[in-house]
Amino acid sequence: DESFILYSLQVDTLEVIETPLIVLPSNVDARIGVLVDQVDYSDFTVKPLSAFLTLKDRTLQLSEGRIDTELGDINLDAFYSARSRDDISAGFNLSVLDVSADSLIHLLPSVDSLMPVLKSFKGRLNCEASAMTQIDTNMNVIIPSLEGVLHISGSDLNVEDAGGIVKITKLLRFKNPNIGHIDDLDVNAVIHDSKLDVFPFILGVDRYRLALHGMQGLDKTMYYHASIIKSPFLVKLGINVFGTFAKWKFNIVL
């Protein structure tokens with residue numbers, strides 16, 4: 001006869017069945033250690049896997065999660081809390097070390113939606129991400145409440161199938177219009193106010209060295225600015241890219 005469960009159940013029982021709200025009991029206090037030697041799921045193998053699960057005060061916490069996969073090493077801490085119908089939250093702290101760019105996008109599809117350009121990267125990347133958000137009773141993320149930080153780094157990378165970016169590379173006379181080799185990548189960003197702000201970072205590519213920063217809205221809008229620090233041209237210039245990744249424009253500023 002938990003009051004919270006009764007409050008969560010509406011008069012229309014059928015509607016409640018369709019609502020995937022996860023209700024955590026308040027009278028359970030538990031700590032469980034998990035150690036698995038090997039997990040085979042489809043063509044994906046995990047070995048080993050270890051973590052601690054703690055349930056207390058309607059909060060479920062996963063701590064010291066460590067996974068050794070063929071994709072790379074993964075460390076994960078996360079929590080889910082459902083203290084009341086109006087106070088449901090979740091968060092995670094994730095680090096993925098030395099993973100292929102393709103595998104990272106497959107593992108973290110949300111990164112793909114936030115920074116779609118990453119689909120073009122080939123090579124080994126490191127990713128660290130932390131986020132916290134409020135959730136509604138249908139287990140949907142309440143976007144304005146989403147806050148987090150993201151760090152992606154890598155070296156000796158290649159960019160393939162860069163799509164519309166080729167228009168810029170041809171204009172700037174890249175040796176390889178498909179961008180090609182990138183010496184190093186080190187990107188930091190924060191998520192807040194329904195957008196992802198990318199802090200300025202240096203990128204070496206082709207015959208150029210660029211300083212980039214920008215904003216990626218969670219509604220798919222974007223604005224990025226690249227200042228060209230080193231180039232074959234005598235004139236210093238910058239490039240603004242704006243719109244959406246499906247339909248974007250750019251202009252050159254001196």
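Residues are numbered from 1 along each chain as its sequence is written, and side-chain values use heavy atoms, with hydrogens and water left out. In this predicted model, local features need pLDDT of at least 70 and side-chain atom pairs count only at pLDDT 80 or more, whereas totals for chains, interfaces and linings use all residues.

Strands are considered here as DSSP runs (E, at least two residues) numbered from the N terminus, helices being runs of H or I with at least four residues, and two strands are said to pair if DSSP finds at least two bridges between them. Strand 12 (residues 221-230) and strand 13 run antiparallel and are joined by seven bridges, with Thr 221 standing opposite Thr 244 of strand 13. Strand 13 (residues 238-244) is in turn paired in the antiparallel sense with strand 14 (residues 248-253), over six bridges, and these two strands form a hairpin in which three residues lie between them.

Patches are made of residues with over 30% relative accessible area and no salt bridge, like charges being joined within 9 Å and nonpolar side chains (Val, Leu, Ile, Met, Phe, Trp, Tyr) within 5 Å; a salt bridge is a side-chain nitrogen of Lys or Arg within 4 Å of a carboxyl oxygen of Asp or Glu. Accessible areas come from the Shrake-Rupley method with a 1.4 Å probe, and for residues only the protein chains shown count as cover. At 38% relative accessibility, Ile 252 counts as partly exposed, a class that lies between buried (under 20% relative accessible area) and exposed (over 50%), with a 1.4 Å probe and protein chains only.

A negative surface patch is formed by Asp 156, Asp 183, Asp 184 and Asp 186, where Asp and Glu count as negative, Lys and Arg as positive, and His and the chain ends are not counted. The place of a charge is taken as CG of Asp, CD of Glu, NZ of Lys or CZ of Arg. Strand 9 (residues 180-192) supplies the largest share of the negative patch, three residues. Asp 186 is found in strand 9 and is partly exposed, with a relative accessible area of 39%.

Most residues other than glycine have a negative phi. Asp 57, although not a glycine, has a positive phi of about 50°; this residue lies in the loop between strand 3 (44-56) and strand 4 (59-69) and is partly exposed, at a relative accessible area of 44%. Glu 64 likewise has a positive phi, near 55°, but is found in strand 4, and Glu 64 is partly exposed with a relative accessible area of 42%.

Val 198, in strand 10 (residues 195-205), counts as buried at 6% relative accessibility. The C-alpha atoms of Val 198 and Gly 214 are separated by 5.2 Å, the two residues being 16 residues apart along the chain.
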